[in-house]
Amino acid sequence: MIGVMVRNAREEDFLAIAELAHECPPMVTERNSIYHIFTRFFSTTSFIAEDGDEIVGFLLGFISQDNPSEAYIHLLCVSPSLRGSGIAGRLIERFAGTVKGMGAREIYLITKPSNSRAIRFYLKNGFKPVKEGKTVESGPVVAVADYNGPGEDMVVFRKSIPSGKTF
């Protein structure tokens with residue numbers, strides 16, 4: 001991880017992001033146009049982890065237009081061979097610092113109840129499951145029932161951004 005650098009996403013990164021996303025199940029794989037939208041219109045709040053010329057991780061996120069005190073992480077992926085090396089944490093720190101500077105005070109994200117690795121990671125990093133509406137038990141956390149439609153339960157996480165200098 002010594003050579004891994006975190007930078008803002010650029011529009012020309014979208015195909016490499018799409019390629020890496022296929023290595024990150026059970027994370028949702030989007031259409032290429034979604035990656036293109038994030039790299040073109042949300043590059044300030046979307047980040048790439050690079051090892052030399054290779055993209056080894058990414059975070060795609062944004063600030064809510066309806067409530068600028070809230071930010072959302074849409075996708076977070078690290079190459080399977082580098083998981084556990086701290087890259088995901090660095091991506092989240094960079095995102096949090098950026099959106100904090102833009103006025104956000106909370107970060108939201110969702111994950112599938114079956115994604116136990118992601119759930120453990122988010123809990124370890126201070127995210128708390130949101131209990132809203134009808135919930136269902138999902139291992140160590142609760143999921144919001146039918147969050148993304150019938151039968152599409154999701155774990156909704158929220159983390160407050162501390163008011164101090166660091167995340």
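Modeller: In this predicted model, D146 sits in the loop that runs between β8 (141-144) and β9 (155-160).

Biologist: Why is D146 called partly exposed?

Modeller: The relative accessibility of D146 is 40%, and the partly exposed class lies between the buried class, under 20%, and the exposed class, over 50%, so D146 counts as partly exposed.

Biologist: Turning to strand β2, what makes E50 count as buried or exposed?

Modeller: E50, which lies in strand β2, has a relative accessibility of 17%; buried means under 20%, and therefore E50 counts as buried.

Biologist: How do you know that the side chains of E50 and R7 are joined by a polar contact?

Modeller: The contact between the side chains of E50 and R7 is 3.0 Å, and a polar contact requires a pair of N or O atoms within 3.5 Å, so the pair meets that cut-off.

Biologist: Why is D51 called partly exposed?

Modeller: D51, placed in strand β2 (residues 46-51), has a relative accessibility of 37%, and because this falls between the limits of 20% and 50%, D51 counts as partly exposed.

Biologist: Which residues form the negative surface patch with D51?

Modeller: The patch is formed by E19, E23, D51 and E54, and Asp and Glu count as negative, so the patch is called negative.

Methods. Residues are numbered from 1 along each chain as its sequence is written. This is a predicted model: local features need pLDDT of at least 70, side-chain atom pairs count only at pLDDT 80 or more; totals for chains, interfaces and linings use all residues. Side-chain values use heavy atoms; hydrogens and water are left out. Patches are made of residues with over 30% relative accessible area and no salt bridge: like charges are joined within 9 Å, nonpolar side chains (Val, Leu, Ile, Met, Phe, Trp, Tyr) within 5 Å. Accessible areas come from the Shrake-Rupley method with a 1.4 Å probe; for residues, only the protein chains shown count as cover. A salt bridge is a side-chain nitrogen of Lys or Arg within 4 Å of a carboxyl oxygen of Asp or Glu. The place of a charge is taken as NZ of Lys, CZ of Arg, CG of Asp or CD of Glu. Helices (H or I, at least four residues) and strands (E, at least two) are DSSP runs, numbered from the N terminus. Buried means under 20% relative accessible area, exposed over 50%, partly exposed in between (1.4 Å probe, protein chains only). A polar contact is a pair of N or O atoms within 3.5 Å; within protein, one must be able to donate a hydrogen and the other to accept it, and residues adjacent in sequence count only if both atoms are side-chain atoms.
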